[in-house]
Amino acid sequence: MTNKYMYFIANWKMFGDLRTLNSLDSVIKFSKNNKISKFRIIYCPPSTLIRPLSKRLKKTNLEVGAQNCHESENYGAFTGHVNSKMLKNVGAKYVILGHSENRQSGETDKLINLKIKSAIKSNLKVIFCIGETLSEKRKKLTNKVLAKQINNGLSSIKDTSDIIIAYEPVWSIGTGLIPKSKDLLNSISYIKSKFRRKVPKVLYGGSVNNKNITELKDINIIDGFLIGGASQNSKKFIDIIKKTFN
Ligand code: PEP
């Protein structure tokens with residue numbers, strides 16, 4: 001496709017245990033034997049695995065991220081939550097925020113904005129997820145929804161240069177469906193056009209697999225992929241990376 005620098009971010013969601021980490025040995029080997037300057041691999045496991053994974057990846061080119069955080073970077077009486085400072089402390093360098101699975105369970109743009117600010121304060125890089133639902137797409141509201149999520153989610157954040165945006169249409173997550181190339185190109189261009197100066201990296205996420213990657217890789221303004229299901233299978237994950245550069 002291209003020899004630009006691409007992101008491959010694995011979102012393991014609520015899957016994986018200590019034994020699962022052994023499956024990453026092949027990805028570590030693959031990354032060592034390849035021109036890692038061309039791509040960046042980031043694993044976002046459940047928070048129970050951040051510490052063991054970051055230890056395991058210490059002398060490798062792979063990095064670790066978290067899947068969410070509390071909006072307060074201070075400690076407090078918030079049973080069941082972890083904050084950005086705690087994630088940083090156990091080795092996370094990134095955090096996914098605004099994922100539609102969390103938006104669907106009540107996260108608002110305002111809350112996501114607070115979480116992003118807290119993550120930045122803790123020196124975590126943010127992977128900010130945005131995307132329209134199927135009914136919004138059918139009503140031709142995609143750009144309107146994206147603009148609202150960007151404006152509200154990044155409200156009063158001056159330096160957005162370190163933020164990675166993941167465009168994930170809600171209807172494509174876990175469904176096997178991906179947008180038509182023309183629509184995807186339009187959405188990614190639209191997202192980039194919302195930034196005047198430093199345009200952030202914009203990834204695509206939603207049912208990326210080792211078959212449809214051959215189509216997705218041709219949209220050369222995409223800066224990488226956020227991969228859910230297929231990232232849990234190291235063979236498929238490696239295949240996706242290889243095919244992106246073929
Ligand atoms: C995700 O949940 O971020 C995602 C992209 O999932 P999947 O690849 O399984 O659609």
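User: Which strand do four bridges join to E4, and do they run parallel or antiparallel?
Analyst: That's strand E5 (residues 125-130), running parallel with E4. Strands are DSSP runs (E, at least two residues), numbered from the N terminus, and two of them pair if DSSP finds at least two bridges between them. This is a predicted model, where local features need pLDDT of at least 70, side-chain atom pairs count only at pLDDT 80 or more, and totals for chains, interfaces and linings use all residues. Residues are numbered from 1 along each chain as its sequence is written, and side-chain values use heavy atoms, leaving out hydrogens and water.

User: What is the bridge partner of Val-95 in E5?
Analyst: Val-126. In strand E3 (residues 63-66), Ala-66 stands opposite Val-95.

User: Are the residues of E4 buried or exposed?
Analyst: Buried on both faces, with Tyr-94 and Ile-96 on one side and Val-95 and Leu-97 on the other. Buried means under 20% relative accessible area (1.4 Å probe, protein chains only).

User: Switching to E8, which way do its residues point?
Analyst: Gly-224 and Leu-226 point one way, Phe-225 and Ile-227 the other. Leu-226 stands opposite Ile-9 and is also the bridge partner of Gly-205.

User: Which residues touch the most other members of the largest nonpolar core?
Analyst: Phe-8, Tyr-43 and Phe-225, out of 58 residues. Such a core is a set of buried Ala, Val, Leu, Ile, Met, Phe, Trp, Tyr and Cys residues joined through side-chain atoms within 4.5 Å. Another core, of twelve residues, lies apart from that one and includes Cys-44 and Leu-226.

Methods: Buried < 20%, exposed > 50% of the residue type's maximum accessible area, 1.4 Å probe, protein only.
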